[in-house]
Amino acid sequence: MLQEESDLSLIIAQIVQKLKGSNLYSQLERQAWASLQRPEIKLESLKEDIKEFFKISGWEKKLQNAVYSELSVFPLPSHPAAPPEHLKEPLVYMRKAQGSWEKRILKSLNSMCTELSIPLARKRPVGEQKELLNKWNEMGTDEPDLSLFRPVYAPKDFLEVLINLRNPNYENGDSLSFRTHLGLIQIPLKVKDIPELKECFVELGLNTGQLGIDDSTQVPPELFENEHVRIGQKVLAEQDSAAAQQYIRQGSPTALRAELWALILNISSEPEDVLYYEQLKTNVIQHDLLVDSLIYKDVKLTASNDDYYFVFEDYLYQVLLCFSRDTSVLSHFAYNSASPPKSYIRGKLGLEEYAVFYPPNGVIPFHGFSMYVAPLCFLYHEPSKLYQIFREMYVRFFFRLHSISSHPSGIVSLCLLFETLLQTYLPQLFYHLREIGAQPLRISFKWMVRAFSGYLATDQLLLLWDRILGYNSLEILAVLAAAVFAFRAVNLMEVTSLAAAEAVLADLSTLKVMPLLQIFLFATVT
Amino acid sequence: MRSGHSCSVGPGPAPAAWRGTGGLESAALPSPAQPPPPPPPADPQPGREMVVEPPPPPLQAPPTLSVMWPPRLWSRRGAGQSPSVPGPRPAGQRQLVGAAWGRHSGETGRGRTFIAKDSLLFGVCLEPNKWNQNYKGHGLSKGKERKIIGPEQTFIALSCREQRAPIRFKTTQLNTLMDVLRHRPGWVEVKDEGEWDFYWCDLSWLRENSDHTYMDEHVRISHFRNHYELTRKNYMVKNLKRFRKQLEREAGKLEAAKCDFFPKTFELPSEYHLFVEEFRKNPGITWIMKPVARSQGKGIFLFRRLKDIMDWRKDTRNSDDQKDDITVENYVAQRYIENPYLIGGRKFDLRVYVLVMSYIPLRAWLYRDGFARFSNTRFTLNSIDDQYVHLTNVAVQKTSPDYHPKKGSKWMLQRFRQYLASKHGPQAVETLFRDMDNIFIKSLQSVQKVIISDKHCFELYGYDILIDQDLKPWLLEVNASPSLTASSQEDYELKTCLLEDTLHVVDMEARLTGREKRVGGFDLMWNDGPVSREDGPPDLSGMGNFVTNTHLGCVNDRKKQLRQLFCSLQVQKKASS
């Protein structure tokens, strides 16, 4: 009890600290001052009156949403005496693994730099700046020669790293024993089993109405859809993040999704935000970074070739180039096991005072990175708003998909969850695939790293991401990956090679995610 | 019928149909020693099926043509995946044939023989590599052809006693149309001067022969004699203008305003002076010049100054002097829509398919699928000379310097509709699509009295619609022979399904009752009056809650619908006989 109280006060102190520097804080202060002019504010009951005023004018809601947003982004503080790196990642061997992985990435980036003799960053000449500004809205028409560039790494490479992770405190020797994991991930982490998942995803149950199931053409809209849409409008009218998050667990109506997501992520496009985006844009125009070429290459390789997303090519550059310049992204490294890479001004290698983060946001894009943005283009066409939504999605969720950590939403846990689910509920299939050298994770890893973007049809993907936002967790990705295997189990049982298994699972665009998830979680006899 | 069928195929009870399909398949395969199809994959949750509608089993071959787009083979996404896995494929394919049958009989709960035969009537499964040959060369050797068609024919001849002689078809097109016609059970191809029952003719043949060709009662051809009243830009505008005037006289301004869905247009050279007058009245706006009789975006250019068009006139005259056998080509000058709706900064237009079965009375069907074609370059009014920006015709885009055939440049209408709904809400989308229905109806009505009605004729039109930023649709033009060449796997599927359903509606087999409101992907949009979505007679008194029977850009569950439709037709027929 005492422990809980002190925890709570710790959290409160942390949030107050965070919000004090925010824009909202100064706005609230200004509003409070302005309210003094009002007749209903009395000196004798000043505090109560101002509180009442905040409530009526809707500012209280905004404060509530801000607090809620902080709560869902930041991990709960552990022991007050715990050092800050525990906030990043409590397990030492994980931190070490992430550290050496970063070193490898940097080395690869540096060697590309030297090979091509291109600087990490340079200021653009004025002429070039003008040219870029002119074609800001049509950057996709540019076809620079990028044949020499290669993505720094692909999900495949990352998977190899995860496979080689070992917990030094968990000695199981080289020989096979009953403790050896049959899957690729060899470290023990606590992951949920189906009963726990059922409890966690209770709103996906068979008795709850779901968009993605109960809005199909066969079901009359009076049964569920109409009422659900009506509630959604009410939630939006209330402007309550927490309610929106609860609501979206049953799926978001297409027309309300953009607003609901913005509400959950606590994004309101204020003039300052637009200005901030414009600043980033100026930054892009003035400076040329090596990562820009990597971004170009990635977009050309992935989104431009996609049947759904090719239309949004220009938006992707507008978002991703600005993202690489955004230093506010750095703050997420407080709770991300990764650390931003540093680079030094020429000739000052190793001198801390000449160190800068590179790229400025600390995130090195990998093959497929742009697919995190692409589906969002379906919802937002204002570049600044699109940008904000993406940044928030990244610092809340997507960073976990490519950094090594023990967090339940981290990619390592997702992999382990996926493998455990398959082993437990489809042991024959798992064994068969393993025997023919087609470890299931080798196929499903790329789906999870990209949060299924580019694999599912857009409408299905958005229904899936609804649930990510609704549950503030990425675990659903692992469940879906396992459900896909279960769904195609019969065909998979007949394949005899990895390539054949991959072929069976090559096209996921016809899948309907919600029925799959529901069947796997709630209708499988266990 | 049922008994006749099972007797002929074999004495075995239910598995007879199975063997029947297997036989059909292996007959089509080069080597007869094929393993029997493995059992159909079990649904993970058969019990839940009716409630949640789980997706169909993976890799399920559609009961109609199962096809693969050759360049992509198996993986839909190019990057990072093995492009083709020849080994396990055919196995999967065959298995799916089994799966399709299995599900089929399970769902209806009737005798397998009956249903399997029924499915066969509207489609066969092919293996992908056969389709490849077909697509590339269109040169199936005679022997092979007989192999494919042979078993089907006998099958049908045995199973349907009242079935007439095979339907003899003829066509000059060598694209998806040929694939569909060749694989339609009971249809045989006629070459050269042979007699035909069904002719998908091209427009040049029509010009030369339609006036002096005698046609039997049951014969059908794919064009109306003077379709150009609708499909040539100048005639279309003329007819629409006249129809508008007539409506204004008969029904008032409000009704006439419903015809304002085409930009201001003048015919050149005949209306040159009117055009110049209009041009002077609105300085600064952009005009687009289109040759009336050419298609696929040829000869189109934009201009803003009158001088441009004078120069152009001079140029064309000069060239005419040199080759004086060419008469002056007719052009239309059309006000250019300067605020098109953009997606991702790109301009696009919509291609929608409308099937007209007769003009008097007007009977028109609207297809659920269609696509949005995107321009590859970005839209801006500054680069007026760059025609790639402005024209979205695939034919023009193909010559664009950065055209990349692998990169898609199309969105299916469903995706487009979904996109709009997420941006503007379902209400706005509903209104837009209603407005588009209005375009189809009004444009057809405008030529209803001019087009020579002929019960032998039907026509499949490709409508080109542009949408502006106020979500108002504009009619660009109507094509009498929309491209049936496929640019991708998705496109191939769309076009084969479209053509199959067209043939279902044309109904050479005489299976329909004529009261259907939906056949596959086609919804009856107009039947001498608006068609209500509800069953029963149309309620025209209270126009308020009249819901028209159109589902453009909605889910196209045509296979299921066709199955149900033909099953119930069979039942009716049996009951009446």
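This is a predicted model: local features need pLDDT of at least 70, side-chain atom pairs count only at pLDDT 80 or more; totals for chains, interfaces and linings use all residues.
Q: What is the relative accessibility of Arg244(B), which counts as partly exposed?
A: Residues are numbered from 1 along each chain as its sequence is written, and chains are lettered from A and ligands numbered from 1 in the order in which they are written. Buried means under 20% relative accessible area, exposed over 50%, and partly exposed in between, with a 1.4 Å probe and protein chains only. Arg244(B) counts as partly exposed because its relative accessibility is 24%.

Q: Which residue meets Arg244(B) in a salt bridge?
A: A salt bridge is a side-chain nitrogen of Lys or Arg within 4 Å of a carboxyl oxygen of Asp or Glu. The partner of Arg244(B) lies 2.7 Å away, N to O, and is partly exposed at 32% relative accessibility. That partner is Asp260(B).

Q: How far is Asp288(A) from Arg122(A) in their salt bridge, N to O?
A: Asp288(A) is buried, with a relative accessible area of 19%, whereas Arg122(A) counts as partly exposed at 32%. Both belong to a network of salt bridges that also includes Arg124(A). The N to O distance between Asp288(A) and Arg122(A) is 3.0 Å.

Q: Which side chain of opposite charge is nearest to Lys290(B)?
A: Lys and Arg count as positive and Asp and Glu as negative, with His and the chain ends not counted. Lys290(B) is buried yet has no salt bridge. At 5.3 Å, the nearest side chain of opposite charge is Glu477(B).

Technical notes:
Side-chain values use heavy atoms; hydrogens and water are left out.
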